[in-house]
Amino acid sequence: MKPKIQDVAKLAGVSPTTVSRVLNDRGYISEETRENVKRAMKELNYFPNDVARSLFNKRTNLIGLILPTTSNPFFGELTFYIETICNSLGYKILLCNSLNDIEKEEKYLEMLMRNQVDGIIVGTHNQGILDYNNENLAVISIDTYLSDKIPIVGSDNYNGGKIATELLISKGCNKIINIDGEFNLRTQARLRKIAYEDVMKANNKTPITYEIVSAFDGGNQIKVANKILDEHPDVDGVFATNDLFAAAFINEARKRGKKIPEDIKIIGYDGTEASRSLLPDLTTIKQPIELIAKTSVDILIEKIEGNFKNKESKIALPISLLEGSTT
């Protein structure tokens, strides 16, 4: 039979109310009493009921995290940092992989709200989900515009795209092609493409961008890489807006006997630990993933506690260039 709070109180020589106050850290409790209660809990193998405590505190200490897929290195690493930070603050994570399916995302959101999560961090690319605008729900977005009321946290995408394109030009590339994700997504990552276009035009070069639809599909990445090589055999520079796109292009180019970087110079974007392990020589724009996670959690906690006063709705965190041998 599971021990009850009354059993803990009896063994510790205190009232059940005192045990409750220790569990919920309410009111003054002497250190001696606190230690007696903890010893009794340990001896009885007693674990407090989180549901009951959440009713008492009016908090569940649960945070929902909705992402397209944690199999993607960027989102996998982001999840690691968010979970680690939340755990250090006493919060648990409910993780949802939506695969950018709007119906699945809506069901996940409904589930999170039924579980009374204190807040939600969203990294998906679906727009038009009205429940995100619920005034009683604290929400933060990673890179994607959801509404005017929801802050967006991400890297300085425009500056990253600018640095990448300028680097390729400085290396003598003339035919530089951009590989990007779906154009219609209202994500700040599209600023990488816009920066590429601006730099190309400023240098009297014609911008050419190839779109990868269903960008998480590795087969689509390979198809686009081969399409570029077929249609532009004179390509000598590629700016891929994430490292997976860059990796797919490098593999297909090498199959055709192209030498990297002698024939084609390539730069990616993300700089995750996974991509650095698998492609240590890849030149890439590194996102500050840990800082994105920390900033997102910090703002979410401020919103949960009603202390968020920052009027800035878009937070662009500094990127850095990791120059390898692909450029």
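Asp-143 lies in the loop that runs between strand E4 (138-142) and strand E5 (152-155). Helices here (H or I, at least four residues) and strands (E, at least two) are DSSP runs, numbered from the N terminus. The phi angle of Asp-143 is near 75 degrees, a positive value in a residue other than glycine. With a relative accessibility of 8%, Asp-143 counts as buried. For this term, buried means under 20% relative accessible area, exposed means over 50%, and partly exposed is in between (1.4 Å probe, protein chains only).

Gln-116 also has a positive phi without being glycine, near 55 degrees. You will find Gln-116 in the loop between helix H6 (102-114) and strand E3 (119-122), and its 53% relative accessibility makes it exposed.

## How to read the values

This is a predicted model, where local features need pLDDT of at least 70 and side-chain atom pairs count only at pLDDT 80 or more, while totals for chains, interfaces and linings use all residues. Residues are numbered from 1 along each chain as its sequence is written, and side-chain values use heavy atoms, with hydrogens and water left out.

## A cis proline

The peptide bond from Ile-260 to Pro-261 is cis, and its omega is near 10 degrees. Pro-261 belongs to the loop between helix H10 (243-255) and strand E9 (265-270).

## Aromatic pairs

A search of the whole structure turns up 3 aromatic pairs. In one of them, the ring centres of Phe-75 and Phe-216 are 6.3 Å apart and the planes are at 65 degrees, so the pair is edge-to-face. Rings of Phe, Tyr and Trp (its six-membered ring) pair if their centres lie within 6.5 Å; planes under 30 degrees apart count as stacked, over 60 as edge-to-face and the rest as tilted. This pair links distant parts of the chain, 141 residues apart: Phe-75 is in helix H5 (residues 73-88), and Phe-216 is in the loop between strand E7 (208-211) and helix H9 (218-231). Phe-75 is buried at 7% relative accessibility, whereas Phe-216 is partly exposed at 38%.

Phe-80 and Tyr-81 make another edge-to-face pair, 5.2 Å centre to centre with 65 degrees between the planes. Tyr-81 is buried, at 14% relative accessible area. Phe-74, Phe-75 and Phe-216 form one aromatic cluster.

## Charges over rings

The charged end of Arg-192 sits over the ring of Tyr-269, 3.7 Å from the ring centre. Likewise, the charged end of Lys-193 sits over the ring of Phe-183, at 5.0 Å from its centre. To qualify, NZ of Lys or CZ of Arg must be within 6 Å of the ring centre and within 35 degrees of the ring normal.

## Ile-176 and its contacts

Ile-176 is found in strand E6 (residues 176-180) and is buried, with a relative accessible area of 1%. Although Ile-176 and Gly-237 are 61 residues apart along the chain, their C-alpha atoms are separated by 4.3 Å.

Which residues does Ile-176 contact, leaving aside its neighbours within four places in sequence? They are Thr-165, Leu-168, Ile-169, Tyr-196, Met-200, Ile-208, Asp-236 and Gly-237, where contact means heavy atoms within 4.5 Å.
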